[in-house]
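Here is a quick tour of a protein chain for someone new to reading structures. Take a look at the model first, then follow along below.

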Amino acid sequence: MFDLTVTDNNTGENSRLAKFGAGKVKDSMKNIVINCPSIITGMSHELRTHMNAIVAFSYLMKDNFCPNTDREEFSNQILSSCEQLIGLFDSFLDSAIIDIGNSKSDSKICKLNNMLDDLLPEFREVLRKDGQKELELQVENQISDISEVFIDKHRIFRVIRSLFQISVKNTRSGYIKVGYHFRDDTITFYVLDSGQGYFKCREFLHTEDLNESLVHHNDMFAAINLTLAKKLIQMMGGTIWIECNGLTGSGIYFSVPARSVVSNDIKINKYSNNVIAI
């Protein structure tokens, strides 16, 4: 037996994700290779693409006549390729771990108001690195009389990060809006964009044959991240769905149970949205 430990990039804290036998991992990987060869083919293609970019930019940086501004750009491109590779494999392995059945939801007390503020610096940095100067980020935080709820914030943020990354790749201009609302012990999050990914994302969310879907929509990044998001949401007892936002933009919503923390203070129910445009 061995432990698989992951590190939260924001806090730097280690959290135990699962404990399982090496034989189960091997069997799970074997099933993926046999039952969904398109995933392995797509992973191989993504790996070669990013590795080729890393090698190419590293070679260009060795040129003695390369301006410092170009060196900085090449360095950012290398870093971006490395981050995308790590993210892809993290999502792939986490999805396999859930299939093994050793992951469980871990609900803790979380402050409800302005919950998404913790993600703002990270999302700003994503847009900066991606050079998205024509893309506006909007965050809608709910102001509620319920101040605290029991939820699995770590996994909820993991889902939101995955959906946000997909929106960034599908949206070259316009906006991405992230928000949530809390009603009747259920919290619903959403990621809306003005991009081009609705039909592709709908296919990956509803498909019963990922092989077939990847043939029609060759986007391994979206396929793996949406698959992981769906599994995480189901683990938390929630549901996920997609709606068309505009002509081709995506509106991906997911709801999870969120029991409110009882307070001795008697307050008037009042809900409003605080919109932040970045």
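## Starting with Asp-70

Let's begin with one residue. Asp-70 has a relative accessibility of 33%, so it counts as partly exposed: buried would need under 20%, and exposed would need over 50%. Keep in mind that this is a predicted model.

Where does Asp-70 sit? You'll find Asp-70 in helix H3, which covers residues 68–100. Now look for Leu-60 as well: Asp-70 and Leu-60 are 10 residues apart along the sequence, and their C-alpha atoms are 9.1 Å apart in space.

## The whole chain

Time to zoom out. The chain is built with 8 helices and 11 strands. It has 278 residues, and 44% of them count as buried.

## Two sides of helix H4

Next, find helix H4, residues 120–129. Which of its residues are buried? They are Leu-120, Phe-123, Val-126 and Leu-127. If you look down the axis of H4, these buried residues fall within an arc of 125°, so they line one face of the helix.

Keep following the chain: just after H4 comes Gly-131, with a positive phi of about 65°.

## A cavity inside

The largest cavity holds about 40 Å³ of space.

What lines the largest cavity? Its lining is made up of Leu-163, Ile-166, Ser-167, Asn-170, Val-191, Asp-193, Cys-201, Ser-250 and Ile-252. Helix H5 (153–170), strand E7 (186–193) and strand E9 (249–257) are the elements that give two or more residues to this lining. H5 gives the most, with 4 residues. Sorted by class, the lining has 5 nonpolar, 3 polar and 1 charged residues.

Terms used:
Residues are numbered from 1 along each chain as its sequence is written. This is a predicted model: local features need pLDDT of at least 70, side-chain atom pairs count only at pLDDT 80 or more; totals for chains, interfaces and linings use all residues. Side-chain values use heavy atoms; hydrogens and water are left out. On a 1 Å grid over the protein atoms alone, a cavity is a set of points where a 1.4 Å probe fits but cannot get out, and a pocket is an open set with protein on both sides within 12 Å along at least five of seven lines; lining residues have an atom within 4 Å of a point. Grid points are joined across faces, edges and corners, and a volume is the space filled by probe spheres set on the points. Ala, Val, Leu, Ile, Met, Phe, Trp, Tyr, Cys and Pro count as nonpolar, Asp, Glu, Lys and Arg as charged, and the others, Gly among them, as polar. Buried means under 20% relative accessible area, exposed over 50%, partly exposed in between (1.4 Å probe, protein chains only). The arc is that of the directions from the helix axis to the C-beta atoms.
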